[in-house]
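Hi,

Here is the structure I said I would pass on. Have a look at it first, and then read my notes below.

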Amino acid sequence: MDINAVLSLGVEGEEDSYAGKLYLMAPYLAFSSLDKKSVRFTIPLSTIRRVERLNARAGIYALSLALWHGGKIIVQLTSLRPTADLFCALLRDALKIELQRGRMKSVKGFVKTCYSEVLVSGSAFTPSDEKDEHSASEASESSYHGGLGLRFKFPGDPKKLREASKIKLWMTYLKTHGRNLTLLRYPQCTRLVQVGLPNRLRGEMWETLSGSIFLRYSNPGLYEQLLEQNTGRTTTSTEDIEKDLHRSLPEYAGYQSEEGISALRRVLQAYSFKNPELGYCQAMNILAAAILIYMSEEQAFWLLEVLCDRLLPGYYAPSMHGTLLDQRVFESLVQRCLPIIHDHFQAVDVQLSVASLPWFLSLYINSMPMIFAFRIVDCFFCMGPKVLFQVGLAILKINGEKLLQIQDDGGFLNLMRDYFASLGDSAHPHSTDPRARAITRFQELLLVSFREFSVITDDLILSERKRFRNEIIHSIETFSKRSAVRNLRSLGRFTKDQAGLVYDALYQAMCVIPPPPAQLPPPTLLNDGVEEKPETRIQLKTFQYFLSEIATWARDEKIVSNGFQQRVDRDVAEHEFIDRLFFFWDTSCCGALSFQDLVSGLDGVMFNDLMENIEWFFNLHDKNKDGFLTKDEVLTVSESFLFIFRFEVGDAYLGAVSRFMTNAFEYGDALLADVDQRKESEDDETEPRSPLPLPSNQPYLNLATFRMVVLADEILESFFETDLSASFRLDPISELELPPSSSGLLGEFWSTIATDSNKKMFNLFTDEIGKTIGKHQVIHRPSIGRYKTLEEPKARESLLTPGMRHSASKSSLRSSPSSSSLRPSSPSQGLTVKVPSSKDFQEPASAVGYSPMVQAANAALLARPAFTIDDSKDDDDDAEDELEAGDNDDQVMDEVDAFLEAHDSGLTDADKEVAKDLINAEPVK
């Protein structure tokens, strides 16, 4: 539930009041200001110690919330009184549930793992204990989570990075605005993040700003449990991880030791075990290696989860569709914001993605010195993915004049490499103003990014992604289809284009009826315990839809007219014949069909001649593959015929099936090898006896006899010669368009009305009216369509010679217990065909490969240049001198002020006065 509210900090004069919305999403309470960026917070309900209603002015409904860390926030509920009462009741109930679950007690143990607790409590790095700084910090390292930097030192020079000044500023902010689980994000928080996070606090702030701290809080011990349950397990992902371990930031000292390599291995393997469908993708190792410098293994594991699933969805999937989509969006933004550079790149055929794809994929960590890349990562976790686009545009604009002189991709890459290596140099080395000379190129980059490209908002990125999503999906799917066709073991008699049409029908079926997740087979001695990625296979329901797109008799098409509209309804047919075909094509006997199974199965019927089709139909119904059909199987053949011919015009096909059955039973009975029974029936003419019942598995018709029975009928001969193969049609499937974005009042109104369920209701309504006025008509479209007029069935001529007509064929037909089933079965109601929407797109895992662009990006990721500026230095050196220099704080604040912007609180002066009075208001007695 959400409600309009005004948020005030419980410290007078500390922060302004902000209007916004308060959200109750148990077990969390969240707030967002009207501009969705000035003030935000998300806190677990278990961190709220006390809730009181304040005794305010008449008509003012306000609550005071005391948080775990001693802070207090005041929330003025500005909605109607019944809404406010309902919100308070829901909040009270949610708090009771958290208390009953015992979550309140778990907060104390969890916050001890956060460095901010040590920092604010004063047990480490404060000016009062400079002499004992080293011993205090060493003692506290065992109580809070930290990364490899605590042992192998953090990249960069602490003095140049002004670590002590940043620590003091953050200590002041965290004391009044909460920390870790209860952090309140005011505008000052964003400005401090833009200046850069202190090394020791960086890991905790990353997980707090990204929200991964809540996953770690709500899933205690899951990381260790995953590792314990999968000890010794080997998969294709673990093998790929082993290949990339020693290529992950090898210049950092921590990854030149077994300790760092082992930590990286455990984090990547745990993620692959938790997300087996995604597993491991190249560039994950770069991210995991970077965040492990500042975070513990458990913290890095949950942050990797948030990165891959929420912040950068699709970036680290096998197809990298998220990365390719954002590259297309970035090219569009370059064309809009930097048209001259875009036109020059088009003229000289320079691919922007050659350099920009590794930027986005590694969050700039693999392209620029780590001390600067981590500053960008700070802003990324605080402000969202738009930072990647803003920084990329700023890089191109700053180097605009030089970019207009390049002529090929190599020159573009060399220019970017030289620029990144000089980020620590002065941006204005020849200026007479010492303050201008002190501005580095990296500071210039951030200023251009967040000032000149502030128009790049989250909403703009989202709209551009929607605009190009269909284009990217089509390009990826085209590449995946080519890969799937190329990886087929055999095309049979299909061409590559025809196999591609089979793939299209399969993919559409998987979008409408997704197959269940593939289960990994148990390891065997033949594969040395290595789990291969399972091939994507479809089960019976998906196969039924797939076949309805390929075969005309596998679908029920109805032309419905009711006086208001005429439409074609298509339903998926369900029959034993389709089930039999599914298992007939399942040559591996695993209960599911692969792409290769479908291609091989269709190849066995679509290109056959008359005799081959008869043999194929015979083998389809020969259950035990002994070369004979039993009497029950002959009945099943007739039922299959009736199913295929169920919507044909007239009685021609029904008569053909009737003649087939009569001939089959006459000839089958006449050729039985029971000579004694035949002689006995001939001698005893005065006492006719009914024939003895045949056992269910008694061979009845062989292939030669079946062929003769079929060829005796002109209609069945025509069916097997041309109609059967022609009923399988590989037609191009129209490209699936994603639903357009609805904008404006009319667009939202129409998108609300024009849903699939509403369309069905409208069709049912018009059909009922049509029945009432007598204009409702349903015509089934025939599957074969050879006969379009009514014809009388032809008289049957017996296939038996006069000497063979003493058989009991007629009596066997009359006494057959299954004769009642030889009627055209009514079309069963199946699944309604729907056009897949964008959320239904799921790619077959086995059909996805790496495109050339992705392969080039992976190669670039592995060639990270070494920057001298990243050399780790002791953060204890010269720390005392820095603390004594009072200028450093002013310099840092000057840099903070460079990013100040006006933040509208959304309140009038009168509203601000009311909020100020609430700070000193007393609780209601």
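To start with something you can find yourself: which residue in strand 6 does Arg 50 stand opposite? It is Ala 66. Keep in mind throughout that this is a predicted model.

Strand 5 (residues 48-53) and strand 6 run antiparallel, with five bridges joining them. On strand 7 (residues 72-77), strand 6 has another antiparallel partner, this time over six bridges. One of the pairings there is Tyr 61 with Leu 77, which sits in strand 7.

Strand 6 and strand 7 form a hairpin with four residues between the strands. Look at Gly 70 in that hairpin: its phi is positive, near 90°.

And is strand 6 itself enclosed or open? Strand 6 (residues 61-67) has six of its seven residues buried, so the rest of the structure largely encloses it.

The protein chain has a mean pLDDT of 78, with 75% of its residues at 70 or more. Confidence is highest in helix 19 (residues 386-398), at a mean of 93, and lowest in helix 37 (residues 809-815), at 41. Residues 524-531 have pLDDT below 50, and the model gives this stretch 12 contacts beyond near neighbours in sequence. Residues 882-889 also stay under 50, with 13 contacts beyond four places in sequence. Where pLDDT is low, the predicted coordinates should not be read in detail.

Cheers

Notes:
Residues numbered from 1 in each chain as written. Predicted model: local features only at pLDDT ≥ 70, side-chain atom pairs only at ≥ 80, totals over all residues. Heavy atoms only, no water. Buried < 20%, exposed > 50% of the residue type's maximum accessible area, 1.4 Å probe, protein only. Helix = DSSP H or I, 4+ residues; strand = E, 2+ residues; numbered from the N terminus. Pairing = 2+ DSSP bridges. pLDDT = per-residue confidence, 0-100. Contact = heavy atoms within 4.5 Å.
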